[in-house]
Amino acid sequence: MAPSIGGFGRDVETTLQTERLILNRPRGEDVDTMFRILSDRRTTRHNPGDALNWREEAEGLFQHWDEQWDRHGIGYFAVRLPDRAEPIGFAGVKHVLFDGRAVLNLYCRLDHRFWNHGYGTEAVRAVVAHANELFELPPLLARVRPGNTASARIVLAAGFEPAQGLGSQGEDGYEDAYVLNWTRNL
């Protein structure tokens with residue numbers, strides 16, 4: 001089990017605000033949007049194993065994300081525009097063991113209608129800044145499929161560096177590894 005800063009529960013509300021976005025802990029009413037975005041094959045084109053097929057899967061995923069927040073005080077954020085209640089996507093980090101080492105793994109999925117506006121880069125930068133502050137520069141990992149040039153641009157813009165030799169076989173094929181603060185420990 002990865003180390004945690006545990007015991008946060010629902011009383012800790014984390015909201016990140018950027019120039020154009022608001023990121024906050026997903027709520028139960030976001031499950032339908034989770035399902036819509038994560039069942040869209042455009043969104044999961046590079047990671048088809050992440051695609052949802054049933055709304056019940058979104059409910060289970062929401063519970064898992066909620067438990068991550070409760071256990072670690074950080075997780076996946078709902079990414080929102082200030083004038084929209086419904087999220088345009090989700091971005092955040094989760095505790096994982098990578099090659100036996102506790103790290104924070106980066107995640108970002110946006111509704112395809114909001115691609116190519118810089119929202120992914122803006123959301124990821126906010127998440128990384130928050131994780132760096134909360135955990136005092138933790139090791140961060142982003143796994144990107146080689147053909148996913150948009151995700152590679154986002155992680156590079158957030159300060160990650162390609163990690164030669166750390167790429168690995170994921171559920172959907174080979175994934176390149178990008179790292180930040182890699183010499184640090186969580």
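**Figure 1. Aromatic pairs and the tilted pair of Phe114 and Tyr119.** Rings of Phe, Tyr and Trp (its six-membered ring) pair if their centres lie within 6.5 Å, and planes under 30 degrees apart count as stacked, over 60 as edge-to-face and the rest as tilted. A search of the whole structure turns up seven aromatic pairs. In the pair of phenylalanine 114 and tyrosine 119, the ring centres are 6.4 Å apart and the planes meet at 55°, so this pair is tilted. Phenylalanine 114 is buried at 12% relative accessibility, and tyrosine 119 is buried at 13%; here, buried means under 20% relative accessible area, exposed over 50%, and partly exposed in between (1.4 Å probe, protein chains only). A word on the source: this is a predicted model, in which local features need pLDDT of at least 70 and side-chain atom pairs count only at pLDDT 80 or more, while totals for chains, interfaces and linings use all residues. Residues are numbered from 1 along each chain as its sequence is written, and side-chain values use heavy atoms, with hydrogens and water left out.

**Figure 2. An aromatic cluster, and a charge over a ring.** Which residues form one aromatic cluster? They are Trp65, Tyr76, Phe90 and Tyr107. Another ring to look for is that of tryptophan 182: arginine 101 lies over its face, 4.4 Å from the ring centre. A charge sits over a ring if NZ of Lys or CZ of Arg is within 6 Å of the ring centre and within 35 degrees of the ring normal.

**Figure 3. The largest pocket.** About 1200 Å³ of space lies in this pocket. Of the 50 residues that line the pocket, Asn47, Cys108, Arg109, Asn148 and Ser151 are the closest to its centre. The search runs on a 1 Å grid over the protein atoms alone, where a pocket is an open set of points with protein on both sides within 12 Å along at least five of seven lines, whereas a cavity is a set where a 1.4 Å probe fits but cannot get out; lining residues have an atom within 4 Å of a point. Grid points are joined across faces, edges and corners, and the volume is the space filled by probe spheres set on the points.

**Figure 4. Who builds the pocket lining.** At least two lining residues come from each of helix H2 (55-72), strand E4 (89-98), strand E5 (101-110), helix H3 (119-134), strand E6 (140-144), helix H4 (149-157) and strand E8 (168-170). Helices (H or I, at least four residues) and strands (E, at least two) are DSSP runs, numbered from the N terminus. By residue type, the lining divides into 20 nonpolar, 20 polar and ten charged.

**Figure 5. Helix H3 and what follows.** Twelve of the 16 residues of H3 are buried, so this helix is largely enclosed by the rest of the structure. Among the buried ones are Tyr119, Glu122, His130 and Asn132. The end C-alpha atoms of H3 are 22 Å apart, which agrees with the 22 Å that its 16 residues should span at 1.5 Å a residue; the expected span is 1.5 Å times one less than the number of residues. After H3 comes glutamate 136, with a positive phi near 55°.

**Figure 6. Two loop residues with positive phi.** Aspartate 99 sits in the loop between E4 and E5. Though not a glycine, aspartate 99 has a positive phi of about 55°, and it is exposed, with a relative accessible area of 76%. Asparagine 116, in the loop between E5 and H3, is not a glycine either and has a positive phi of about 65°. Is asparagine 116 buried or exposed? Asparagine 116 is exposed, at 75% relative accessible area.

Figure 7. Phenylalanine 77 lies in strand E3 (residues 76-80) and is buried, with a relative accessible area of 0%. Between phenylalanine 77 and alanine 91 there are 5.3 Å from C-alpha to C-alpha, with the two 14 residues apart in sequence. Glycine 60, in helix H2, is partly exposed at 39% relative accessibility. Glycine 60 and valine 31 are 29 residues apart in sequence, and their C-alpha atoms are 9.4 Å apart in space.

Key: Ala, Val, Leu, Ile, Met, Phe, Trp, Tyr, Cys and Pro count as nonpolar, Asp, Glu, Lys and Arg as charged, and the others, Gly among them, as polar.
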